[in-house]
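Please walk through the strands, cores and pocket of the model shown here.

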Amino acid sequence: VSRPADDLPAIRIAAALVTGADGKVLLVRKRGTQMFMQPGGKIEGDENPVDALRRELHEELGLIVSPSSPMHLGRFLAPAANEPGRMIDAELFRLPVVQDAVPRAEIEEAVWVDADAALELNLAPFTRDHVLPLFRSMRGASQ
């Protein structure tokens, strides 16, 4: 028996607003997809969001993240980028990074972009509608 997509639970993810010292943000594109999004991934079983984020960032980009580094920014609902009809339930964390991010696993491309220039890219709804506006407002408040 198949169920319509809107009956399916939201996909729980942990995502990172990874920022560099130059004020740019890191976006990734998974292999076989077109949209750029926040690094991170699905929260497995009873895993807590920070542990999921640390695991995903290491698997996908080779980043070593201490448990105290990610700063929780909030929880957001948005349409899933690569699963039509599904929603994501995202725990978002800010993570300043000084390491090089090297695409691994399912990541095809990782780019550092200015938050305004990022709007020229094909962005996942979560990144476009929640993360980048939040980042721009945080930058504006600190200037």
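Which residue in β5 does Thr 19 stand opposite? Thr 19 stands opposite Pro 96. This is a predicted model, in which local features need pLDDT of at least 70, side-chain atom pairs count only at pLDDT 80 or more, and totals for chains, interfaces and linings use all residues. Residues are numbered from 1 along each chain as its sequence is written, and side-chain values use heavy atoms, with hydrogens and water left out.

Helices (H or I, at least four residues) and strands (E, at least two) are DSSP runs, numbered from the N terminus. Two strands pair if DSSP finds at least two bridges between them. On that basis, β1 (residues 11-19) pairs with β5 in the parallel sense over 9 bridges. Strand β4 (residues 71-79) also pairs with β5, in the antiparallel sense over 8 bridges; there, Leu 77 has Asp 89 of β5 as its bridge partner. Burial is judged by relative accessible area: under 20% is buried, over 50% is exposed, and partly exposed is in between (1.4 Å probe, protein chains only). Of the 10 residues of β5, 7 are buried, so the strand is largely enclosed by the rest of the structure.

Next come the cores. A nonpolar core is a set of buried Ala, Val, Leu, Ile, Met, Phe, Trp, Tyr and Cys residues joined through side-chain atoms within 4.5 Å. The largest one has 22 residues, and Val 25, Leu 27, Ile 88, Leu 92 and Phe 126 have the most contacts inside it. At least two residues of this core come from each of β1, β2 (25-30), β4, β5, β6 and α2 (125-141). Apart from it lies another core of 20 residues, including Val 18, Val 28, Phe 93 and Leu 95.

Contact means heavy atoms within 4.5 Å. With neighbours within four places in sequence left aside, Leu 92 is in contact with residues including Ala 16, Phe 76, Phe 126 and Leu 134. Met 71 counts as partly exposed because its relative accessibility is 45%.

Ala 105 lies between β5 (87-96) and β6 (107-113). Most residues other than glycine have a negative phi. Ala 105 has a positive phi of about 50 degrees although it is not a glycine. In the loop between β6 and α2 is Asp 116, partly exposed at 41% relative accessibility. Not counting residues up to four places away in sequence, Asp 116 touches Arg 136 and Arg 139.

On a 1 Å grid over the protein atoms alone, a pocket is an open set of points where a 1.4 Å probe fits, with protein on both sides within 12 Å along at least five of seven lines; lining residues have an atom within 4 Å of a point. The largest pocket is lined by 25 residues, with Ile 13, Lys 30, Met 37, Asn 82 and Ile 88 nearest its centre. The elements giving two or more residues to this lining are β1, β2, β3 (40-42) and α1 (49-61). The largest share, 4 residues, comes from β1.
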